[in-house]
Amino acid sequence: MTVQLTIPRPDDWHLHLRDGAMLRAVLPETARDFARAIIMPNLVPPVVTGDQASAYRDRILAALPDGTTFEPLMTLYLTEDTDPADVAAAHASGLVKAVKLYPAGATTNSASGVSDFNKVRPVLEKMAEIGLPLCTHGEVTDSDIDIFDREAVFIDQVLDPIRKATPGLRVVMEHITTKDAAAYVTSQDSDLGATITTHHLIINRNHMLVGGIRPHYYCLPVAKREEHRLALRAAATSGDKRFFLGTDSAPHTDPNKLNTCGCAGCFTAPNTMPLLAHVFDENDALEKLAGFASENGPAFYRLPVNTDTMTLAKQDTAVSFPDKIDTPDGPVTVFDPGFDVFWKVT
Ligand code: NCD
Ligand code: ZN
């Protein structure tokens, strides 16, 4: 018997689309399933000003396949020189839906990020005043902090102090990977939300490192111990409105992944919704998928839930996905969950 699930069309609250030929190759993979996405600004050079975000939005819309509708929700990359007035104007015009904080050096293309948090206080205060959310890449970058501890330390050393010093600032902890982050979110009020990726619900650090190193499972924040993956599954399937989907789908070509210094990022745009149906089914929580993928994100961002729908159907035989998509820059490998998937988007 075929099991079917119909949910409001989902949105992706954390997505890397890149630019140029890569943008044109990966955008259809997201636009096929998702109505909207929060677009990460870590281009080279980064999307810092309202004018840059407007131009990037135009390039995304121009790259959409004919007949596709998709709404890019733009973000600004926070630097120590960001002008609060420019941020406020970009928000007031409806262009920009969030500002992204990368601690300098934390991840791909984050060199222009923040080192001295005092320098961004005026921007954060303006954002609290106008209700514009701050999306955080929640990892400290101190070389003496172990990479597996960087998220938990960020909460104590950066996030909690910023939130205490900036009452009313609305924050999304992006791509949380630890039970510490999930517990911090549930201990706070509704001004704090968190995105969870598809891949962090599926892999722990053993999947990446046991029996050979698997570069396509390397992303930042890096996957943690199994107890953390289980805490993320519990959070995502709990129905708590503060947790919602942000795939962090982050395409890199195979030559850039399979390298002596390989790039961080999992490319999950093509198969995220079938994988999530598998995960929620496995946790006996299919009825919570609509909240996680389609309703909780709009509630946090104060946007309407999409009125059209997506239907997922469980097949009797395993579904196959492409291993890679081709781009003029080289192939990009699609995230392989390592198990058979029976769900597909109909
Ligand atoms: C992202 C990228 O490639 O832009 N990589 C990743 O591993 N997630 C950057 C990021 O979100 O950290
Ligand atoms: Zn990301």
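This is a predicted model: local features need pLDDT of at least 70, side-chain atom pairs count only at pLDDT 80 or more; totals for chains, interfaces and linings use all residues.
**Second largest cavity.** The volume of the second largest cavity is about 60 Å³. I listed the lining: His216, Ala250, His252, Lys257, Gly265, Cys266, Phe267, Val332, Thr333, Val334 and Phe335. Lys257 is the charged one, since Lys counts as charged.

**Largest cavity.** I then asked how many cavities of 30 Å³ or more there are. The count comes to 3. I read a volume of about 140 Å³ for the largest cavity. Its lining holds 19 residues, and I noted His16, Thr107, Leu220, Asp248 and Ala250 as the closest to its centre. I sorted the lining of the largest cavity by class and got 6 nonpolar, 10 polar and 3 charged residues.

**Ligand 1.** Where does ligand 1 sit? I placed ligand 1 in the largest cavity. I found 15 residues around ligand 1, with Arg18, Thr107, Leu220, Asp248 and His252 the closest. Thr107, Leu220 and Asp248 are also among those closest to the centre of the largest cavity. The shell around ligand 1 divides into 4 nonpolar, 9 polar and 2 charged residues.

**Polar contacts of ligand 1.** I looked up distances to oxygen atoms of ligand 1. A polar backbone atom of Leu220 lies 2.7 Å from one such oxygen. For Gly265, I read 3.2 Å between a backbone N or O atom and an oxygen atom of the ligand. His137 makes its approach through the side chain: a polar atom there is 3.3 Å from a ligand oxygen. How much of the accessible area of ligand 1 does the protein cover? I noted 100% of the 310 Å² that the ligand has on its own.

**Largest pocket.** I moved on to the open sites. The largest pocket has a volume of about 290 Å³. I counted 14 lining residues, and Arg18, Asn109, Pro251, His252 and Asn256 lie nearest the centre of the pocket. By class, I recorded 5 nonpolar, 6 polar and 3 charged residues for the lining of the largest pocket.

**Backbone checks.** Most residues other than glycine have a negative phi, and most peptide bonds are trans. I looked for exceptions. Which form does the peptide bond from Leu220 to Pro221 take, cis or trans? I found cis, with omega near -10°. Pro221 lies in the loop between helix H7 (205-209) and helix H8 (226-236). Leu220 is the residue whose backbone atom I had already noted beside ligand 1.

I logged another cis bond from Val44 to Pro45, with omega near -5°. I located Pro45 in the loop between strand S3 (36-39) and helix H2 (50-63).

Last, I checked phi at Asp284. The angle is positive, about 50°, although Asp284 is not a glycine. I placed Asp284 in the loop between helix H10 (272-282) and helix H11 (289-301).

Terms used:
Residues are numbered from 1 along each chain as its sequence is written. Chains are lettered from A and ligands numbered from 1 in the order in which they are written. Side-chain values use heavy atoms; hydrogens and water are left out. On a 1 Å grid over the protein atoms alone, a cavity is a set of points where a 1.4 Å probe fits but cannot get out, and a pocket is an open set with protein on both sides within 12 Å along at least five of seven lines; lining residues have an atom within 4 Å of a point. Grid points are joined across faces, edges and corners, and a volume is the space filled by probe spheres set on the points. A residue is near a molecule or strand if one of its heavy atoms lies within 4 Å of it. A polar contact is a pair of N or O atoms within 3.5 Å; within protein, one must be able to donate a hydrogen and the other to accept it, and residues adjacent in sequence count only if both atoms are side-chain atoms. Accessible areas come from the Shrake-Rupley method with a 1.4 Å probe; for residues, only the protein chains shown count as cover. A molecule sits in a cavity or pocket if more than half of its atoms lie within 2 Å of its grid points. Helices (H or I, at least four residues) and strands (E, at least two) are DSSP runs, numbered from the N terminus.
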